[in-house]
Amino acid sequence: MQIKALSQKPTLPGDKIAIIEEFEMGDNTFDDGQSIRSLVVGTPEFDKTNRIAKINEMRRPAVAKSGDVITGNISALMNNMFAINILYINGKPTHSGLECICQARGAKKRILVRVGDIVTAKILNLLNGVVHATISEPELGVLFTQCNKCGAKVIAMGSNIKCIDCGYIEERKLSTRFGNSDFIKFNSN
Ligand SMILES: [Zn+2]
């Protein structure tokens, strides 16, 4: 049984939410030896069956850390870099509008991605407020795309994609997971 706290006042980091005789630490809490306290701004929730107190974090800004794997759609394509609008961080949906930038050095002649492609990338670092990512590992890169000429379905052909309708062939940096139908749903909006 999950019981929401009656108070709508959010907890602040350090706030006492329960005593350790009654509850154990859940998400976003710590134990100071006597009490369970909040680590974050959020709403307490008490699982009385399992005696776990946790905090549902509020308005968590989407923060991508080094090593996180993100999935998103290509929002902009520049000369030697491209931007990804992040939709998922480590598989969890995010609606923050956070973007990351991938360098495409030495790839000017290659088409790695197109605007609208669904790609998976790994976060490298955050420098000056910009999130940098890479798609240069085998499992990273394009998960879903369409024919640039006619918009029909494409199939992988080595490092290229080929339209099953008009036959147009184009380069892409494909993920080894390209064509996995799990990702079709990302294209629905
Ligand atoms: Zn086509």
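UniProt positions are given here in the numbering of this model, with feature names shortened, and such annotations may be inferred rather than shown by experiment. This is a predicted model, where local features need pLDDT of at least 70, side-chain atom pairs count only at pLDDT 80 or more, and totals for chains, interfaces and linings use all residues. Residues are numbered from 1 along each chain as its sequence is written, and side-chain values use heavy atoms, with hydrogens and water left out.

**View 1. The whole chain, before zooming in.** The protein chain has 0 helices and 17 strands; both are DSSP runs numbered from the N terminus, helices being H or I with at least four residues and strands E with at least two. Of its 189 residues, 36% are buried, where buried means under 20% relative accessible area, exposed over 50%, and partly exposed in between (1.4 Å probe, protein chains only). Taking contacts (heavy atoms within 4.5 Å) between residues at least 6 apart in sequence, 50% join residues at least 24 apart.

View 2. The zinc ion has Cys 147, Cys 150, Cys 163 and Cys 166 as protein donors, each through SG and lying 2.3 Å from the metal. Donors here are N, O and S atoms within 2.8 Å of the metal (3.2 Å for Na, K and Ca), and as water is not among the atoms, sites may look incomplete. The angles among the 4 donor atoms run from 101 to 119°, which makes the site tetrahedral; for four donors that label needs all angles between 85 and 135 degrees. For reference, the ideal angle for four tetrahedral donors is 109.5 degrees. Along the sequence, the donors follow the spacing C-x2-C-x12-C-x2-C. Cys 147 sits in the loop between E14 and E15 while Cys 163 is in strand E16, so this pair ties together parts 16 residues apart in sequence. An unreviewed UniProt entry lists Cys 147, Cys 150, Cys 163 and Cys 166 under "binding site". They are spread over 20 residues of sequence, yet they cluster in space, with a largest C-alpha distance of 8.5 Å.

View 3. Cys 147 counts as buried because its relative accessibility is 7%, whereas Cys 150, at 39%, counts as partly exposed. Leaving out residues up to four places away in sequence, Cys 147 touches Ala 152, Val 154, Cys 163, Cys 166 and Tyr 168. With the same exclusion, Cys 150 touches Cys 163, Asp 165 and Cys 166.

**View 4. Asn 160 in strand E16.** Asn 160 is found in strand E16 and counts as partly exposed because its relative accessibility is 23%. Not counting residues up to four places away in sequence, Asn 160 touches Ile 155, Ile 169, Glu 170, Glu 171 and Leu 174. Its C-alpha atom is 9.8 Å from that of Leu 112, 48 residues apart along the chain.

View 5. A nonpolar core is a set of buried Ala, Val, Leu, Ile, Met, Phe, Trp, Tyr and Cys residues joined through side-chain atoms within 4.5 Å. The largest one has 27 residues, and Ile 70, Phe 82, Ile 84, Cys 100, Val 113 and Ile 135 touch the most other members. Strand E9 gives the largest share, 4 residues. Beyond its neighbours within four places in sequence, Phe 82 has contacts including Ile 74, Cys 100, Leu 112, Val 113 and Ile 135. A second, separate core has 8 residues, among them Ile 17, Val 40, Phe 46 and Ile 55.

Methods: Tetrahedral: all angles 85-135°; square planar, octahedral: opposite > 155°, others 65-115°.
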